[in-house]
Amino acid sequence: MSGLFIFFLIIGAVATILYAAGYATGIKQSFTDVEEDKEITEYKDSAYTVTIALAVIASAVIIALVGVNPIFVYAGPILAVVTTFMVGFAFFYERMMRASGNY
Amino acid sequence: MDKSVLVASEGLTAGLGFSLMIGFGLLFLILAFIIKHGLIKSTHDFIISNRKVGLGFGVGAVISVWTWAMAVMMSSAMTYQWGLSGLFWFVVPNGFAIMAMVPLARILRRKMPEGYTISQFAHTRFGGSKAASIVVTIAMIFGILLETLINIKGTSVVMSTVFPIDWQTVVILTVVVVMTYVFFGGLWTSVMTGTFNTWMITTPAAIVVVAVYAHISGGATAVFEAVRAADPTNLSVFEADAAAGFGITLAFGLLAAVVADQTFWQKVWAVRKEQVTRTFLWGGALFYPIPICLGMLGLAGLAFGLTPEELGGDIVAVGPYMVSHIGLPLILILTYVLVILAACYSTIDGAASALSSIIAIDIVKRFATGTREKTLFYITRFGMILGGVISGIIVLSGVDFTTLVLTTYALKTSILLPLILAIVWRRTNTAGFVLGIVLAIVIGMPLRHLYGEMVGTFSILAISAGIVVIAGLFSREEFDMDKLLEAHKDELAHKAT
């Protein structure tokens, strides 16, 4: 096994642990939400134009970079692990929003 | 690079294939039973998840339903066929299509907080016009059928290629497995299993891709040099051929596939209202890494100079071919199969859930308003199963999907701009909406047949939007969007949240 492969196994495991913890929290929260039937009335809709533009540009740049240096072949796999991490984080992020009341 | 190192891996038995398919289904069935007992009490809960889907499940579900089995393989195939330009044109519009839902979703969730389906919106928006709502409903049903068919087909191709299993057996098993677990928990099951599947198509997929490069002598550098030596344009994202060949039309097709798809609208109304923007924003942005990651398998295929004949005549097989021929341990090959199964199952169960909402709201509640809740619940669930069975029968019959693909393409592309205008422009009226869609199909499809996909797509878009705008400018009427709020109070006898 190469060092790079082991590195991916480690970061993948870390992201997976967060994901699993988030998933379990999400299931618990869903059951509580349905039972409580509480309604959030105060929330602000975040701006989205700049975020969309940045995401589109970033994806294009990453693909272009693969053609510049072979190291960027691994950018996709690293970001895929980041997706796992961020979806796991989303469960906790929502919990933080609930705790602070700041949506 | 030396192709002789690519040898088919052994040990992929039929028993292993069946175990993966059934095991995955059993895991989801257990989850569905838990959901059924705790979260599902009525049709409302079943089709809209009590409007309580949080950010994590929302993002996970959006990513998983958008990652079709074919998309997992197409990202590799487009890279293999067009180089990085192919990957660029496949990936960039894909994530954007999801994020493009944000402004539309925000408007409808605010103006119509108790909504269920996009056809229901069309029905109310156009004063109960049957023509408007029926055309949208038909487009949604065709889209759902096509999603289901393509994913069943994709699974059967992969499973019967990797394992010695008859493809027809795979079709039957896929329908039985997915319809069984989704039958019990509806949309809740779909979002929870979908979120699990999002994990499958990210981290395990990343590990498989890295393992493939680790098994290539010289790794990424060798692949990079081999691709450059064969044709340096394959390392550029600026090749116009890919844009003209498929990129531009795909971009509009993807946009239509999201905006004119009940699978996504159902989530707009199911996700907690304060999380709708974040769900689609995060969903689109976090989707990007998946096809970029899997596209690297296509680059490896290019480096080895594989020919379509070596892939069995279908370039979509380049990803599975690389994974099963580079000498990976069995566990990693099985992981890749699970990645494709995850993509397939989540899209089919998402489509089935979307169909359940259409059956309940746009068919039963519209045409048989007095239907009792218990009856509605049964019809909704069995109707959903019927949709899955019909899709399975179509795939098994071996008929060419061309007619269905063309019809769905025509309906979705022609609906795209009129639907957006109906949401954002108050002067959009019924005559313009219906006439725009009908004329766009009647004129645009022959043009597509005669002059190709790009001319056809732009004609359909221009005609459909042009007629809506002209009709709107000629009429003085303006729709009061607040009427949407009044029209949907208590559709299924539940309080909106």
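What pLDDT does chain B average, and what share of the residues score at least 70? Chain B averages a pLDDT of 92, and 98% of the residues reach a score of at least 70. Do keep in mind that this is a predicted model; its overall scores are ipTM 0.96 and pTM 0.94.

**Chain A**
- Chain A holds three helices and zero strands, and its elements follow the order α-α-α from the N terminus on.
- The radius of gyration of chain A is 18 Å, whereas the globule rule gives 13 Å for 103 residues, so chain A is more spread out than a compact globule.
- Along the principal axes, the C-alpha trace of chain A spans about 50 × 35 × 20 Å.
- Of the 103 residues in chain A, 34% are buried.
- If you look at contacts in chain A between residues at least 6 apart in sequence, 78% of them join residues at least 24 apart.

**Where the chains meet**
- On the chain B side, 59 residues are in contact with 54 residues of chain A.
- Helix α10 (residues 203-214) of chain B supplies nine residues, the largest share of the side of chain B that touches chain A.
- By residue type, this side of chain B divides into 37 nonpolar, 17 polar and five charged residues.

**The nonpolar core**
- The largest nonpolar core has 219 residues, and V209(B), V212(B) and V339(B) are those with the most contacts inside it.
- Helix α17 (residues 330-367) of chain B gives this core 22 residues, its largest share.
- Leaving aside residues up to four places away in sequence, V212(B) touches L297(B), A300(B), M322(B), V323(B), I326(B) and L328(B).

**Helix α15 of chain B**
- Why can α15(B) be called largely enclosed by the rest of the structure? The reason is burial: 15 of the 15 residues of α15(B) are buried, so the helix is largely enclosed.
- Helix α15 (residues 289-303) of chain B also passes a simple length check: at 1.5 Å a residue its 15 residues should span 21 Å, and the end C-alpha atoms are 22 Å apart, which agrees.
- Just after α15(B) comes G305(B), which takes a positive phi of about 65°.

Definitions and conventions: Residues numbered from 1 in each chain as written. Chains lettered and ligands numbered in written order. Predicted model: local features only at pLDDT ≥ 70, side-chain atom pairs only at ≥ 80, totals over all residues. Contact = placed C-beta atoms within 7 Å. Helix = DSSP H or I, 4+ residues; strand = E, 2+ residues; numbered from the N terminus. Nonpolar A, V, L, I, M, F, W, Y, C, P; charged D, E, K, R; others polar. Rg over C-alpha atoms; globule rule 2.2 N^0.38 Å. Buried ≥ 20, exposed ≤ 12 C-beta atoms within 10 Å, placed from the backbone. Expected span 1.5 Å × (residues − 1). pLDDT = per-residue confidence, 0-100. Core = buried A, V, L, I, M, F, W, Y, C linked by C-beta atoms within 7 Å.
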